[in-house]
Amino acid sequence: MPPHTATDLVRAEAGEVLGPSGGPALLTPLTHNPKNGVTGGVWTVSAGDRSAVLKVLTRSKETEAGWAASADPRHWNYWRREADVYESGLAAHWQPYGIRAPRLLACVERPDGDLALWLEHAPGEPATAWSLARHIEHLHRLGRAQGAAPPVDEPWLTRRFLRQYVESNTFGQELLDDDEAWRRPLVRDHFPPGLRADMVRLHHDRDWFFDVMERLPRAFSHLDMWPANVRSSDRGDSVALDWAFAGDGALGEDLGNCLPDSVLDLFLPAARLPAYAAAAYDAYLHGLRESGWRGDERLVRLAVCASAVKYDWLTARMPARAGE
């Protein structure tokens with residue numbers, strides 16, 4: 001699809017969604033994971049003084065095996081899950097607690113079988129630029145939402161997401177016990193003593209962590225909650241984007257994803273992680289208690305910590321990439 005001038009197909013859809021504008025529809029690509037086989041592209045579409053976000057869901061995109069689209073509704077990368085979340089109204093599940101999704105303007109099934117999601121353009125500040133206090137406020141809302149919102153089960157929501165996601169990323173695993181790979185300068189000079197042993201142990205113990213996570217108290221979960229997928233709105237609430245992985249998770253799993261991602265992707269300095277994690281956990285737990293939740297706090301804490309098994313796949317990928 002041309003990056004600046006819309007195709008006839010997009011122009012026709014834009015006319016239906018945005019109304020007649022008297023001018024061409026212009027597409028501006030938005031940052032996303034280009035490896036994911038379910039994402040055909042994401043753009044801001046502008047026509048006159050109106051705009052929307054267009055996200056194309058597909059099952060025919062060629063990509064590496066770990067990111068391939070699936071036709072299995074329970075698979076972590078089921079190709080049309082995000083459309084189901086929006087069309088069912090489930091994207092508004094947390095709205096009473098201050099976290100909402102962009103409004104769905106249209107879901108168009110194209111002749112080639114792809115789905116075009118036309119979404120409200122939320123113009124607020126992205127969480128990648130938030131202050132620490134604003135992050136804490138958002139996670140307090142997340143605690144309220146997950147403590148109060150009723151459980152959800154639909155046949156297209158993810159189950160056992162953490163296990164499936166990690167096991168699908170196998171790149172470089174043959175190097176875990178390869179001494180030469182760990183002696184490469186980029187690895188040797190930047191991994192402190194003992195880290196290799198801890199990371200390899202995490203890999204070998206990961207099935208135990210998966211079992212623990214699957215037995216903990218459950219909550220409807222976003223499962224890709226990190227700063228690049230959240231922004232503030234002009235109404236002051238949080239707008240959560242990208243519901244492609246949504247489904248069943250452990251209570252605290254979304255927090256356990258958000259904390260390390262905020263630092264690993266350089267949105268917050270690593271030196272601030274201990275203070276951020278402590279404040280964020282307290283805020284999340286306070287939100288749970290405010291909602292009326294009266295469960296065992298230790299199980300939430302366990303979910304936040306044990307969910308770090310999600311990053312097991314990075315263990316092998318780093319020495320493999322260092323060799324390139």
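**Figure 1. The largest pocket of the predicted model.** This pocket has a volume of about 1,300 Å³. It is lined by 45 residues, and the closest to its centre are His-32, Asn-33, Trp-226, Ala-228 and Asn-229. Several elements give two or more residues to the lining, namely the strands β2 (39-47), β3 (50-57), β6 (115-120) and β8 (230-232) and the helices α2 (81-88), α9 and α12 (312-322). Sorted by class, the lining has 23 nonpolar, 11 polar and 11 charged residues.

**Figure 2. The second largest pocket.** Here the volume is about 580 Å³. Of the 24 lining residues, Pro-260, Leu-264, Leu-273, Ala-308 and Tyr-311 lie nearest the centre of the pocket. Two or more residues come from each of α7 (195-204), α9, α10, α11 (297-306) and α12. Helix α9 gives the most to this lining, with six residues. The classes are 18 nonpolar, four polar and two charged residues.

**Figure 3. The packing of helices α9 and α10.** Two packed helices are described by the angle between their axes and the distance between the axes. The axes of α9 (residues 253-264) and α10 (residues 273-290) come within 11 Å and cross at roughly 155°. Angles over 145 degrees count as roughly antiparallel, so α9 and α10 are roughly antiparallel to each other. Their crossing is right-handed. On the α9 side, the contact is made by Leu-255, Cys-258, Leu-259, Ser-262 and Val-263. On the α10 side, Leu-273, Tyr-276, Ala-277, Ala-280, Tyr-281 and Tyr-284 take part. By class, this contact has 10 nonpolar residues, one polar residue and no charged residues.

**Figure 4. The largest cavity.** About 80 Å³ of space lies in this cavity, and the model has two cavities of 30 Å³ or more. The lining is made by Arg-160, Phe-161, Leu-162, Arg-163, Phe-210, Met-213, Glu-214, Arg-218, Leu-223, Asp-248, Gly-249 and Glu-253. At least two of the lining residues come from each of α4 (161-168), α8 (206-215) and β10 (247-250). The lining divides into five nonpolar, one polar and six charged residues.

**Figure 5. The second largest cavity.** This cavity has a volume of about 50 Å³. Phe-161, Leu-162, Leu-223, Glu-253, Asp-254, Asn-257, Ser-307 and Lys-310 form its lining. The elements that give two or more residues are α4 and α9. The largest share, three residues, comes from α9. By class, the lining has three nonpolar, two polar and three charged residues.

Methods: Residues are numbered from 1 along each chain as its sequence is written. This is a predicted model: local features need pLDDT of at least 70, side-chain atom pairs count only at pLDDT 80 or more; totals for chains, interfaces and linings use all residues. Side-chain values use heavy atoms; hydrogens and water are left out. Axes are lines fitted to C-alpha atoms, for helices over the stretch in contact, and angles run from 0 to 180 degrees between N-to-C directions. Helices (H or I, at least four residues) and strands (E, at least two) are DSSP runs, numbered from the N terminus. Angles under 35 degrees count as roughly parallel, over 145 as roughly antiparallel, 65 to 115 as roughly perpendicular and the rest as oblique. A crossing is left-handed if the near helix is turned anticlockwise from the far one by less than a right angle, and right-handed if clockwise. Contact means heavy atoms within 4.5 Å. Ala, Val, Leu, Ile, Met, Phe, Trp, Tyr, Cys and Pro count as nonpolar, Asp, Glu, Lys and Arg as charged, and the others, Gly among them, as polar. On a 1 Å grid over the protein atoms alone, a cavity is a set of points where a 1.4 Å probe fits but cannot get out, and a pocket is an open set with protein on both sides within 12 Å along at least five of seven lines; lining residues have an atom within 4 Å of a point. Grid points are joined across faces, edges and corners, and a volume is the space filled by probe spheres set on the points.
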